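Please view the structure before reading the points below.

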Amino acid sequence: MSVAFVSAYLLANALIVLALLVLVIAHKGLSQLGRQVPYRKQLLLGFALTVVALTAPFLALTPGDSTFMPMTTQVWSADSMHTLDEAFEHQEQPVFSAAGLEASIPASTLSQLLLCLCLAGLLVALTRVWRGNRAARMIASRAHLVRRSGSLQILATDEVTVPFSFWVPGICYIVVPTALILRPDDFRIALRHEGQHHRHGDCRSVYFMELVRGVFLINPAAHILFRYLQSLQEFSCDEAVVSRAKVTPQRYCDCLLAIAEESIRTRQRATCLQMANGALGSQLSRRIRAVLRGRERHIPRWGLLALSATAVFSVFAAATALQGSIHDRRISLAEAQTMAAVAQAGSVMPIEVNEEVLAELNRFVGTPDGRRFMLGALQRMAEYEPMISAQLQLHNLPQDLLVIPLVESGYRNLAQSPNPRHGAGIWMFIESTARSFGLDAGEGRDDRLDAAMETQAAMHMLSGLHEEFGDWGLAVLAYNSGGEAVRRAMTEVGATDAFTAVRHGYENDRHYLARVIAALIVFKNARRLGFDD
């Protein structure tokens with residue numbers, strides 16, 4: 001879930017940026033061509049693009065299926081594997097990594113961070129809505145009722161100088177300055193403008209926009225889009241009121257100027273819910289120009305439909321393409337089981353895909369360092385494979401055992417490390433085991449570094465373990481944990497298979513058995529997993 005959330009959230013952020021660009025480019029481009037889209041249609045298109053940006057991450061094609069864009073982000077597996085010299089230390093989270101960069105971020109950490117940001121943003125948005133709504137309702141509670149019509153209440157108060165409207169469930173409010181009642185023409189214009197906000201649903205949509213703005217708190221485009229849509233609400237209401245021919249454009253502009261001058265003179269807030277701030281600032285001149293321009297430059301209806309369809313399709317297509325740039329390298333349980341069936345064919349090793357095996361498989365193939373380790377190990381294996389395969393055949397042992405040096409050393413002929421618990425050579429015999437099979441393992445001479453000699457010793461050791469336990473899973477477990485640990489598992493807990501012994505704690509290196517099974521699956525499916533180059 002963490003990877004899905006991060007992918008969807010990052011993609012939605014990118015699409016919000018694109019939605020804003022499409023909206024602005026469409027408006028500016030048509031203006032350059034001497035055409036204009038009605039502001040109400042621009043507003044609806046803006047909301048449509050916003051909804052597409054929020055939903056497209058869940059509706060577009062499966063990640064990785066698209067080839068429109070180059071891969072820019074990798075989604076890695078649940079665990080990461082460091083080099084063998086670091087004893088396979090683990091990170092316990094999925095990671096996101098930009099292509100070509102070594103740095104990676106655990107996806108669960110990134111998911112938690114983004115979730116905290118979303119929740120913090122939502123809290124900020126809810127606080128902003130609550131404070132604005134509370135302030136508006138307090139003003140309304142002290143205002144005088146001018147008129148009531150169904151769920152609409154028109155109120156007058158000296159506390160404001162700019163008319164504003166707001167909505168709470170069941171009630172639509174229009175609040176006007178008391179002084180405006182003494183100017184009947186301006187009063188009627190203000191009521192028509194604020195009433196248009198209610199008819200267009202602007203007083204409801206402000207809550208939606210605030211929540212979206214909160215969820216995408218760190219995305220500047222979300223805030224710019226919010227303000228842009230707010231301005232379109234004002235322009236569309238201006239357009240609607242003037243188009244009804246009951247108010248001349250000149251008279252409407254005079255009303256806007258009068259209200260703006262009064263607000264500037266008294267230095268009062270324009271509104272409580274940021275619903276009608278358009279009477280102030282640089283937007284005022286643009287609103288006046290738009291009103292005076294009228295409808296003479298509007299785009300034809302067929303052109304508007306084509307523009308809207310193209311804009312929405314472009315955002316959705318971008319979602320599909322961007323999802324293709326997020327490539328999930330993890331292997332699902334179903335995929336692992338399919339590959340296990342391939343590996344099991346002709347194998348004497350019991351190949352069970354459980355949670356531990358799946359985690360180790362993803363560590364090998366679904367992490368940057370794991371893939372590097374596996375690719376390097378398989379390439380180095382080519383040097384030793386003829387010799388080891390011949391020895392396996394000579395001792396009548398399965399070729400599956402080729403994966404043990406892969407897991408133990410990555411087919412690197414490693415010298416003894418300062419830690420006496422670590423082994424040496426490609427089979428990683430510890431000193432006591434080496435001596436028990438006739439190998440010198442002192443400071444002056446270390447036969448473990450002679451790959452042929454250590455391989456001979458490994459053949460004898462594995463033959464003896466299988467002869468004793470009669471099961472290759474138990475034999476491989478004993479290779480790592482020692483025969484005594486397996487014997488105790490069989491006696492104390494009645495273990496008849498290796499994973500039963502592992503689940504009861506009879507394992508030396510954590511996840512060793514699962515790692516061997518995972519390595520065998522990779523070895524038998526190298527081409528499918530991209531390790532055959």
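Phe164 and Phe166 are both buried. The model is a predicted one, and the points below start from these two residues and then turn to other sites.

**Phe164, Phe166 and Tyr173**

- The ring centres of Phe164 and Phe166 lie 6.0 Å apart with the planes at 25°, so this pair is stacked.
- Phe166 also pairs with Tyr173: the centres are 4.5 Å apart and the planes stand at 10°, so this pair too is stacked.
- Both angles fall in the stacked class because planes under 30 degrees apart count as stacked.
- Phe166 has a relative accessible area of 1% and is therefore buried.
- Tyr173 has a relative accessibility of 9%, so Tyr173 counts as buried.
- The cut-off behind both assignments is a relative accessible area under 20%.

**Aromatic pairs across the structure**

- How many aromatic pairs does a search of the whole structure find? The search finds ten.
- One aromatic cluster is formed by Trp427, Phe429, Phe437 and Tyr479.
- A pair of aromatic rings is described by two quantities, the distance of the centres and the angle of the planes.

**Asp238**

- Asp238 belongs to helix α7, which spans residues 220-243.
- Is Asp238 buried or exposed? Its relative accessible area is 2%, so Asp238 is buried.
- Leaving aside residues up to four places away in sequence, Asp238 touches His193, Tyr252, Arg287 and Val291.

Terms used:
Residues numbered from 1 in each chain as written. Predicted model: local features only at pLDDT ≥ 70, side-chain atom pairs only at ≥ 80, totals over all residues. Heavy atoms only, no water. Helix = DSSP H or I, 4+ residues; strand = E, 2+ residues; numbered from the N terminus. Buried < 20%, exposed > 50% of the residue type's maximum accessible area, 1.4 Å probe, protein only. Contact = heavy atoms within 4.5 Å. Phe/Tyr/Trp six-rings, centres within 6.5 Å; stacked < 30°, edge-to-face > 60°.
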